[in-house]
Amino acid sequence: MATAITHLGKLQVGIESTKGTLVPATVTIPCKWTAEETQERYYSPFARGQRSPVGGGVGTTVMKGLAVGVETELTAEDIVWPLSTGIRGSITPTNNTPMYTWVWTPQLTTGIPTIQTLTAEMIESDGTTNQYYGESGYMMTESLGISYKENAPATLKWRMFGRARQSGTPTG
């Protein structure tokens, strides 16, 4: 008889004070996430024996990275992350009441927009043991989408990209 194992996925994030320097996660985002590790290699176009190819016959790694797709319900808390890391960062909310007002005015004339980067921690667990753990820094939003259907909650989807996955210890 087969025993069903429930896998518990968790995505935790934290805004980096220095871009690219990993920070502990400060927030857990309840979501479905997917991670895609990418790597590009350079292979010399010159025939072997005439010239020594860069990196030998195996090529040279020129880029490593991680892309993370996130899908969750559209909430005021969760949309802050893709907007701060893709539209404009370092936004301070106004009002000192429980209801904050956030204004993300795109910087269209400054050339390079000021965005924040985050550290993402991805965990896949069976409730006892972490089956997968990875963290990546310098994560930025690549795309953002909102969709909704009649009689259903609105859905927020975004995709981030950053440095190659690293191993470590999850933030508690």
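Modeller: Let's start with a term: strands are DSSP runs of E, at least two residues long, numbered from the N terminus. Keep in mind that this is a predicted model. Here, Y42 is found in strand β3, which covers residues 32-42.

Colleague: Okay, and how many helices and strands are there in the chain?

Modeller: The chain has 1 helix and 7 strands. Going along the sequence, you'd read β-β-β-β-α-β-β-β.

Colleague: Back to Y42. Why does Y42 count as partly exposed?

Modeller: Partly exposed is the range between under 20% (buried) and over 50% (exposed). Y42 has 35% relative accessibility, so it counts as partly exposed.

Colleague: What about ring pairs? How many aromatic pairs does the count come to?

Modeller: Rings pair if their centres lie within 6.5 Å. By that rule there is 1 aromatic pair. It's W33 with Y132: the ring centres are 6.0 Å apart and the planes sit at 35°, so the pair is tilted.

Colleague: Where in the chain are W33 and Y132?

Modeller: In distant parts: W33 is in strand β3 and Y132 in strand β6 (residues 130-147), 99 residues apart.

Colleague: And is W33 buried or exposed?

Modeller: W33 is buried, because its relative accessible area is 14%. Y132, at 24%, counts as partly exposed.

Colleague: How do I read the whole chain that way?

Modeller: Look at the totals: 33% of the 172 residues count as buried. The chain exposes about 11100 Å², with 54% of that supplied by carbon and sulfur atoms.

Notes: Residues numbered from 1 in each chain as written. Predicted model: local features only at pLDDT ≥ 70, side-chain atom pairs only at ≥ 80, totals over all residues. Heavy atoms only, no water. Helix = DSSP H or I, 4+ residues; strand = E, 2+ residues; numbered from the N terminus. Buried < 20%, exposed > 50% of the residue type's maximum accessible area, 1.4 Å probe, protein only. Phe/Tyr/Trp six-rings, centres within 6.5 Å; stacked < 30°, edge-to-face > 60°. Areas by Shrake-Rupley, 256 points an atom, 1.4 Å probe, with all protein chains shown as cover.
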